[in-house]
Amino acid sequence: MRRILALLALLTLPFALSAQAVKPAATAAPSTLPHPQVILHTSAGDITIELYPDKAPKSVANFLQYVREGFYSGTVMHRAIAGYMVQGGLYTRDLQPKRTHSAIASEADNGLSNLRGTLAVARGADPNSGTSQFFFNLVDNRRLDYVGNQSGLTWGFAVFGKVVKGIDVVDKIAGLPTRALGPFANDVPNPLPVVDSAYVIGEEAPARAASAPTPPAAPAAKPAAKPAAKKGTKG
């Protein structure tokens with residue numbers, strides 16, 4: 001149970017800084033493709049993601065809304081843990097959280113597993129608290145899958161897409177040295193990988209969105225320590 005709590009905290013701590021900085025959600029335009037693809041153009045290289053609206057319609061619509069608004073331009077991959085995950089989708093270059101839309105309901109029970117290369121919704125302790133943050137699974141993290149609806153610990157994390165090109169870029173980010181920086185006690189890549197732009201293939205690239213000011217954030221809880229490696233797995 002202690003290990004599960006550590007894993008949950010590791011993925012969700014940043015959400016505590018932005019939960020109170022929400023704005024009303026707008027309706028995202030439906031994609032014209034069965035499995036739309038999004039390109040994240042980062043300072044480390046391009047990452048192409050295929051999305052699964054048939055399995056995770058709310059998560060995909062939410063992600064596409066942020067993409068089409070230009071929200072991700074100028075954000076960074078603020079957390080990287082080799083053998084585990086790479087997380088981004090909220091913080092600017094100076095590690096300030098951007099204003100997000102309202103949280104969405106979890107779709108972790110959609111049957112998709114947190115396998116290597118998949119993209120999942122990062123959230124807080126509440127399963128239904130995901131906003132703009134996401135993470136890439138670097139390995140098969142089946143311990144992050146849905147187990148049951150008894151609690152936030154058993155809900156797991158909702159997978160809604162997969163890297164189809166550029167997994168080497170994700171691995172490159174994961175291999176960067178890390179440090180403590182801003183509100184984070186560890187695991188911040190050095191240098192910070194920046195998302196220069198994000199767009200849906202076949203659609204016009206959105207204009208860069210301005211970073212909306214956020215109200216003062218509540219003090220963050222002490223970051224969880226990196227989980228110890230378990231025999232046969234990596235934390």
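Leaving aside its neighbours within four places in sequence, which residues is N141 in contact with? N141 is in contact with Y84 and N114, where contact means heavy atoms within 4.5 Å. The points below cover the rest of the structure.

1. Basis of the model. This is a predicted model, in which local features need pLDDT of at least 70 and side-chain atom pairs count only at pLDDT 80 or more, while totals for chains, interfaces and linings use all residues. Residues are numbered from 1 along each chain as its sequence is written, and side-chain values use heavy atoms, with hydrogens and water left out.

2. Confidence. The protein chain has a mean pLDDT of 82, and 74% of its residues reach 70 or more; pLDDT is the predictor's confidence in each residue, from 0 to 100. Over residues 2-6 the pLDDT is below 50, and this stretch has 10 contacts in the model beyond near neighbours in sequence. Over residues 210-235 it is also below 50, with 44 contacts counted in that way. Where pLDDT is low, the predicted coordinates should not be read in detail.

3. Overall make-up. The protein chain has four helices and 12 strands. Helices (H or I, at least four residues) and strands (E, at least two) are DSSP runs, numbered from the N terminus. Of the 235 residues, 51% are buried, meaning under 20% relative accessible area with a 1.4 Å probe, protein chains only. Among contacts between residues at least 6 apart in sequence, 74% join residues at least 24 apart.

4. The sheet. Eight strands form an open sheet in the order β4-β5-β8-β7-β9-β3-β2-β12, with antiparallel pairing. Two strands pair if DSSP finds at least two bridges between them. The edge strands, β4 (79-81) and β12 (195-200), each pair on one side only. From one strand to the next, the twist averages 25 degrees. β4 and β5 (residues 85-88) pair over three bridges, and A80 stands opposite V86 in β5.

5. Helices on the sheet. Helix α2 (residues 57-68) packs on the sheet, and its direction makes about 120 degrees with that of β12. Helix α4 (residues 167-174) packs on the sheet as well, with its direction at about 120 degrees to that of β3. Axes are lines fitted to C-alpha atoms, for helices over the stretch in contact, and angles run from 0 to 180 degrees between N-to-C directions.

6. Nonpolar cores. A nonpolar core is a set of buried Ala, Val, Leu, Ile, Met, Phe, Trp, Tyr and Cys residues joined through side-chain atoms within 4.5 Å. The largest has 34 residues, and those with the most contacts inside it include F63, V86 and F160. Helix α2 gives the most to this core, with five residues. Apart from it lies another core of 11 residues, among them Y84 and L144.

7. Backbone points to check. Most residues other than glycine have a negative phi, and most peptide bonds are trans. L95, in the loop between β5 and β6 (100-101), has a positive phi near 60 degrees. L95 counts as buried because its relative accessibility is 4%. D187 lies in strand β11 and has a positive phi of about 70 degrees. A cis peptide bond joins N190 and P191, with omega about 5 degrees; P191 is in the loop between β11 (184-189) and β12.

8. Back to N141. This residue is in the loop between β8 (134-137) and α3 (152-155). N141 counts as buried because its relative accessibility is 0%.

Technical notes
Buried means under 20% relative accessible area, exposed over 50%, partly exposed in between (1.4 Å probe, protein chains only).
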